[in-house]
Amino acid sequence: MAIGGITAAGARSGARRRLAMLLAPGLFWLIAFFAIPLVVVLAYSVAVPGPTGRVEWRFTLENYQRLFGETLYVSAYVRSLWVGLLTTLICLVAGYPLALFIVRQPPAWRAALLFLILIPFWTNFLVRTYAWMIILSNNGIVNTAIQSLGLPRQILYPGEGAVLVGLVYGQLPFMVLPLVAALDRFDFTLMEAAADLGASRRRAFWRIMLPLTAPGIAAGSVLVFIPTVGQFVVSDLLGGAKVDFLGNLLQRLFTRSNPPNWPLGSAMAVIFMVVLTVAIVAYFRATAEERR
Amino acid sequence: MARQAPDAGGLLLRLHTGATLVFLYAPIVVLVVFSFTSDSFGVRWTGFTLQWYERLFRDERLIGATLNTLLVATISTVIATVIGTMLAFAMERYRFRGRTGLEALLYVPIVIPEIVMALALLGFFALAFGLIDAWFGVRPVMGLATVIIAHVAFTISFVVVVVRTSLKSFDLRLEEAAADLGADPWQTFRHITLPLILPGIIGGALLGFTLSLDDFIITFFTTGPGTSLLPVEVYGQVKRAITPKINALSTLMLVASITLVFLSQFVQRRGRTA
């Protein structure tokens, strides 16, 4: 490689310099505007909230104590995790047959179906949530249909049902895409082999297809679960801001409450991250077990 | 295999797929149709009108917010694409200490809940601006600059993922051939590497642009009181009331983003066949 006067060592130091140049801006940005802010949250979470919303830099664990002591916060955690779980489950139950149908189509149809599933998600997600407000509103389409059947008008929005509909709507493709990828790698002749050996279709599904597509289920579930637990817009708009989810409390503690309480909000975010990490690690362990 | 069972199952699958597609498209159809309704609550069809589009174009606040949002998306995409492409090269072409650590650092922004990243940035900016105020006596405020910084921070990782994919399939012998023919590293990059991975870079840039345009949570937390941005405006208006003006705006946004995605598909497909 040594051309002209360039020695091997010279070339190596040139490569080092090039590498440093390539890394410098990205490293700077990710450390300054991603890693350090996360450390700042950790620092805020053990600081004292001042009376005017200013943070006082004295060490305390009171924020964490408050989170575990007050029902408002505990129930927001429980509700967010529960609704996150429910959304994930609904997406899985609705998404699995859909993915199954897609992978069994001829290639051209498959591509078209995948495209059809993705198109609605190229619109702004606020707009998609807004569309459900229209559909579920008192004089909206669903209520018009209900009334034309002679049934009384239902209050569908705002409410928890509306929140669930909005969440499933927003997350479904994140479940379907990994499932399609997993089912794509699945060897369907295994099902025939199982049938030949006398297994019922149901048994073959539970014992063969489900365990072998577990990585797709795991990936899809994590992709659906994380944003659902942290969301605040869907519950704010479709839930009418009546029930508090984790995201709603975080948003209020940081931007709206009078005075704002950043230390408490930060403690909440830290616990959120810990709970989420534990849940995901446990989930991957469990699905790995399933595969064995 | 029994003939009957798979057919029944197949029919069920077909029905399920049909129902899911209705579920996916109902809101989109409703949104577009009701942008032309004369009903001022925008939830029923009472006759055709274009008045909501007219009102939209007269709403200077919304137009200003749209321009700001496009500005943020453009600038942050340019920065994130340049930085992200450099990182992708470093990750794919070099072995160095801390590479695994960087790999992890690159993945965390993709999986972290958006709201945590958003409030971390808000907390960070407040702290940093407080320190700048204490040391230099000037207090910067949150606004377009902070939103751009935040958008770059959360889109870099996505750009890196896309560009790395195209670098992985790159035939290194082409670069060796160029070097053998006397090209210096810069010439090789400029005339061989760059044109070949350009579709990947454009794909990464379009992904970053789309993410930036669609983002609400991080924008909401890192913008300032004097700056109006589209998602924040829409959120405010939607919270106040349902009005067909939002439908008109949504329809236009829908058309714009579908155009953008088709454009990106086109660019990437051309890159693949070229």
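## Chain B and its interface with chain A

Thr81(B) is buried, at a relative accessible area of 11%; buried stands for under 20% relative accessible area, exposed for over 50%, and partly exposed for values in between, with a 1.4 Å probe and protein chains only. This is a predicted model, in which local features need pLDDT of at least 70 and side-chain atom pairs count only at pLDDT 80 or more, while totals for chains, interfaces and linings use all residues. Residues are numbered from 1 along each chain as its sequence is written, chains are lettered from A and ligands numbered from 1 in the order in which they are written, and side-chain values use heavy atoms, with hydrogens and water left out.

Thr81(B) belongs to helix α3 (residues 60-93) of chain B. Helices (H or I, at least four residues) and strands (E, at least two) are DSSP runs numbered from the N terminus. A polar atom of the Thr81(B) side chain lies 2.5 Å from the backbone oxygen of Thr77(B). Apart from neighbours within four places in sequence, Thr81(B) is in contact (heavy atoms within 4.5 Å) with Val159(B), Ile201(B) and Ala205(B).

Chain B as a whole has 11 helices and zero strands. Its radius of gyration, taken over C-alpha atoms, is 24 Å, well over the 19 Å that the globule rule gives for 274 residues, so chain B is more spread out than a compact globule. That rule is 2.2 Å times the number of residues to the power 0.38. Further values for chain B follow.

| Property of chain B | Value |
|---|---|
| Box filled by C-alpha atoms, along the principal axes | roughly 80 × 70 × 35 Å |
| Buried residues | 48% of 274 residues |
| Contacts between residues 24 or more positions apart | 71% of contacts with a separation of 6 or more |

At the interface, 78 residues of chain B are in contact with 79 residues of chain A. The buried area, meaning the accessible area (1.4 Å probe) that two parts lose on being put together, summed over both, is about 7100 Å², and carbon and sulfur atoms give 83% of it. The rule finds one salt bridge between the chains, a side-chain nitrogen of Lys or Arg within 4 Å of a carboxyl oxygen of Asp or Glu. Lys239(B) pairs with Asp236(A) in a salt bridge whose closest N and O atoms are 3.0 Å apart. Helix α1 (residues 4-33) of chain B supplies the largest share of the side touching chain A, 16 residues.

Methods:
A polar contact is a pair of N or O atoms within 3.5 Å; within protein, one must be able to donate a hydrogen and the other to accept it, and residues adjacent in sequence count only if both atoms are side-chain atoms.
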